[in-house]
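Take the points in order, with the model open beside you.

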Amino acid sequence: MDQARSTISKIFNGEPHSYTRFNLTQNMEGDNSHVEMKLSTDVDEEVGGNGVGEHLNHNANRNSSRKPYLTQTFGRTPKNLCFLAATVFLIFIIGYLIGYMVHQKKDVAPVCAASFLSSENTVAHETGAAPLMNWDDVKALLSRGLTANKMETALSEFSIVDHRAGSYGDEQLGNKVHERFKSYRMKTWTDEHFVKVQDLPASGSNSIVFKNNPEERPKGFLSYSGTGSVTGAVLYGHYGQESDFRLLRDRNINLSGRVMLLRAGKISFAEKVANAVKMNASAVLIYPDHTDYSIGEDTDLYGHVHLGSGDPYTPGFPSFNHTQFPPVQSSGLPQILAQTITQGMAIKILRNLGGQNLPEGWDGFNKLGDVNDTVTVKVNNVLAEKKINNVFGVIKGFVDSDRYVVIGAQRDAWGPGYAASTVGTSVLVELARSISDMVKNDGFKPRRSIVFASWSAGEYGSVGATEWLEGYLTSLGMKAFSYINLDGIVTGWNGFKVAASPLMHTLIKNALKEVKNKDGSLFDQFAKNNWESEMLEPMNMDNAAYPFLAFSGIPSMSFRFKAGNLFYKYFGTMLDTKDKLNAATSTQVPQLAETAGRFAGHIALRLVHDHLLQMDLKKYDNVIRSHVVKIKGKVNNVQQMQPQLFPKALTVNWLIMASGSFGRAHRSLMADIDNSDLEDIEMCRLINDRIMTVERSFLSPYVSPRESPFRHILLGSGPHTLKALYNHLDALKMNTPDADANLFRNQFALATWTIQGSANALAGDIWSLDNEI
C-alpha cells in the first residue's frame, strides 16, 4: 500500500518518465499474498532496455517539452483530466481492496491450540501453519451437529434383536452402515474375512451332572472351549484370579484334575480358564453370583475363552479366503473344557460341597469342595466357518491425507446387545454424518483423514478388528496414528472411566475439560481430586482397542459412562436390551450417547486439526522410570536373599542407561520442536513421524506375533513384558520351581534393548542417536 501511495503521488506531482504496472501474485499458502507495483525504470532493468520502457522513453525524448508522460498522452482537456482522475481513483480502490483481502486472509488463519504438550502444560497456542478454521468454531460445529434427537433416531434404526456375527441380522446392519456412509459422500469399502468361530451344536447340547442330581443343560456357552466329557471333583475358586489359586495351593489343596467352579467378574473368562490351565485343572464352570449379578437364577452367560484376539485358527495372519496356511492354532486356545452355568445351577452345587472352609474374605457358601463332590461336564460346541464383513468410510484430510485416526465400533452381539453394540454403532454413524457435514457445508478442512470402521465378530474376541490389523499391519504401521473405540460407551450415568495409551492422557484430560453437558464439563463432574486415579483404568484384553495398542503399536483409547462403582451386569446375556439400559441410565441413553459422541469426536478432531499431534511423550518417560525403579528394588532383594542364583553380579545399569536414553531423546524432540520452523509443512510431518514411532517401538522384536501377539513390553502380555520380569523376580526371590535365573537374564537383556531401541527410534536420524550402552 505504501508503494501504491508513492506511485499515485508521483503521478499527481508530474514526475517524468514513470508509469505503473500491476503484478498481482498470491502465494497458495495464503500468508504471503502481495501486490507488486513496478515503475518503468524497474521494468527497464528487467528487460535490458529493449522492452516497452525503452520505447516510451524514446518517444518522450523526441518531445522537447519533457512534460510528464501521462500529461503528454492525455493532454489537459477536461475530458482527459476526468479520465486521468478516474484512472487514479481506480488504482487506489484496487490497492485498497487487495490490502483488505490480504489482511482478512491473515485473520482467517487463526492461532490454534497447542499441539505438543507436556504433562504440566495446558492448551495454549500453536505456532505452526494452522487450518483455516478456529478450534472453538470446530467444537461449536460438532456440538451443533450431534444432538440427542438425532442420536435417538439412530438408536432406533440400528437396534435389532438378532445380529450375531455372520448372521443375516449382522449382514443387514452392515449394509445399513455402508449405505449411510455412502449417503454422506464418503469413500467407502468393505473387508471380507472367513473366520472360524465355535458355537453351540445345532442338535444336542452341553450339560453338567453333579453327583446323582438330574442333568442340567445350560443354553449359554463359551466359544473356543475344549470339547468332550470330563468327570472330576468340584473345587470353588472364587474369581479364578492368580491370587485365588495361590491361596488354594498354600492350603496344600491338589488342584490337578479338579473342576474349578468360578464366579464371573474381576477378570475375563479367558484369563480365568488360562489360570486354571496353569493349575492342571480338568475343566472350568463359570457362573454369575447373585452378589455381583442381580439378573435372576436362570439367566445364561455367553462369551469366549481365547486368551487373545482375532481368529485363533489364523494367529498372526489374516483370515482372508485366499490364504493357504497349514492348520495352526493360537497358543491362547485352552485345551480344557469351559462352560457357563446359571446362578441356579451353581447354587445347587455350592450348597452341597464339603471340604475345607472358605479363606477369609471370600464370598460364597461355607465349603471349598471335597474329592467326593464329583461333577461330569460335557461340551459339544462345534467349530464353524463364517463370512464376516467390516465396513469402512473415510473423510480424507487436506494436508496429510495418508495419515489417519480410526474410530470403530462392533455391530454384532450375542443377543439384542443394546449397550454392547447398538449405542456404539449409532454414535459411529452420527459422528460420520456430523463431521462430513462440517466438511461439506461449513468449510472445515481436517489436516489428516478420519476412518470410520464398523467391525463384526467382536463378541468372539475382537475378531473383525484384529483380522483387519493382521491383514494390513505393514500399511498401518506409520499411517494410523490413533484408534478410538466406541464399544460399550454407555452403561450408566454417574461415573466415567477411560483406558488409554499414556501418550493420550494429556489429550484426554484436556478433552474432559472442554466437553460439557448440562451439568458442566466432564472433568468437573467426575474428577473430584486426582483425575488419573479416579478416571483412568487399565486396558484389558477383551477391549477392542487392546489389539490396536498391544499388537499393532497404535496409541488407542476406550471410555464409558458407568453406574458409579458398579459394572453393567447384562453384557454377555440376552438381557442387554433398551429397557435394561434405560433403567441403568435413568432413561438418559440418547443424551449420554450424544455426550459420548462429542467426547470421541473432540479427540478425533483435535488429532486431525492441529499442526502437530497431541501426544505427550513425557508420560511414557515417567512410566519407564517407574518400572526401572521397581525392577531395581526387586533385583536388590533377590541378590540379598538368593545370591547363589547369579554367579556374576546382575546389574540394572544397562536398564537405567536405556531409560536415560529415552528421556534424552524425548527432551531432544521437544527442543527440535521449539527450534523448528513450524510453518514448514514437511518439517512438521517429520516431527509427527518421530512421535508416531514411539508406541510401535515398544513392540518387542524378539518374540513371534504368532506365539505372543501382544508384544508391547509395557502394556502387552507374555514373558517379554516388564510385568513378567516382576513376576519372575518374585519367583527367584522365593526360589520356586518355575524360577530360572538364566532365562530371566535373557528376558531382562531383551527388554532393556527394546527400551533402548525405542529411544533410538524417537531420536530420529542415525546421527542423532544417543546410544551409551
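1. A definition to begin with: two strands pair if DSSP finds at least two bridges between them. Helices (H or I, at least four residues) and strands (E, at least two) are DSSP runs, numbered from the N terminus. With that in hand, look for the open sheet of seven strands, which has mixed pairing and the order β3-β12-β14-β13-β15-β19-β16. Its edges are β3 (187-199) and β16 (495-500), each with a single partner strand, so one side of each is left without a neighbour in the sheet. On average, neighbouring strands of this sheet are turned by 20 degrees against each other, direction ignored.

2. Before going further, a word on what you are viewing. This is a predicted model, in which local features need pLDDT of at least 70 and side-chain atom pairs count only at pLDDT 80 or more, while totals for chains, interfaces and linings use all residues. Residues are numbered from 1 along each chain as its sequence is written, and side-chain values use heavy atoms, with hydrogens and water left out.

3. Back to the sheet, and to one of its pairs. Strands β15 (residues 480-485) and β19 (residues 556-562) run parallel and are joined by three bridges. Tyr483 stands opposite Ser556 in β19.

4. Which strands does helix α8 touch where it packs on the sheet? Helix α8 (residues 168-183) touches β3, β12 and β14 (448-455), where contact means heavy atoms within 4.5 Å. The direction of α8 makes about 10 degrees with that of β12. Helix α12 (residues 418-441) also packs on the sheet, touching β12, β13 and β14, and its direction makes about 150 degrees with that of β13. Axes here are lines fitted to C-alpha atoms, for helices over the stretch in contact, and angles run from 0 to 180 degrees between N-to-C directions.

5. Next, a helix to look for inside. Buried means under 20% relative accessible area, exposed over 50%, and partly exposed in between (1.4 Å probe, protein chains only). Seven of the eight residues of helix α11 (residues 343-350) are buried, so α11 is largely enclosed by the rest of the structure. Among these buried residues are Met345, Ile347 and Leu350. Their cover includes β4 (207-210), β6 (228-236), β7 (259-263) and β8 (283-287).

6. Most residues other than glycine have a negative phi. Tyr224, in the loop between β5 (221-223) and β6, has a positive phi near 70 degrees. Thr587, in the loop between α19 (578-584) and α20 (589-609), has a positive phi near 55 degrees. Are these residues buried or exposed? Tyr224 is buried at 2% relative accessibility, whereas Thr587 is exposed, with a relative accessible area of 57%.

7. Do find Lys619 too, in helix α21 (residues 617-641). Lys619 is buried, with a relative accessible area of 14%. Its C-alpha atom is separated by 9.4 Å from that of Ser501, 118 residues apart along the chain.

8. Finally, the whole protein. There are 25 helices and 19 strands, and 54% of the 773 residues count as buried. Among contacts between residues at least 6 apart in sequence, 78% join residues at least 24 apart.
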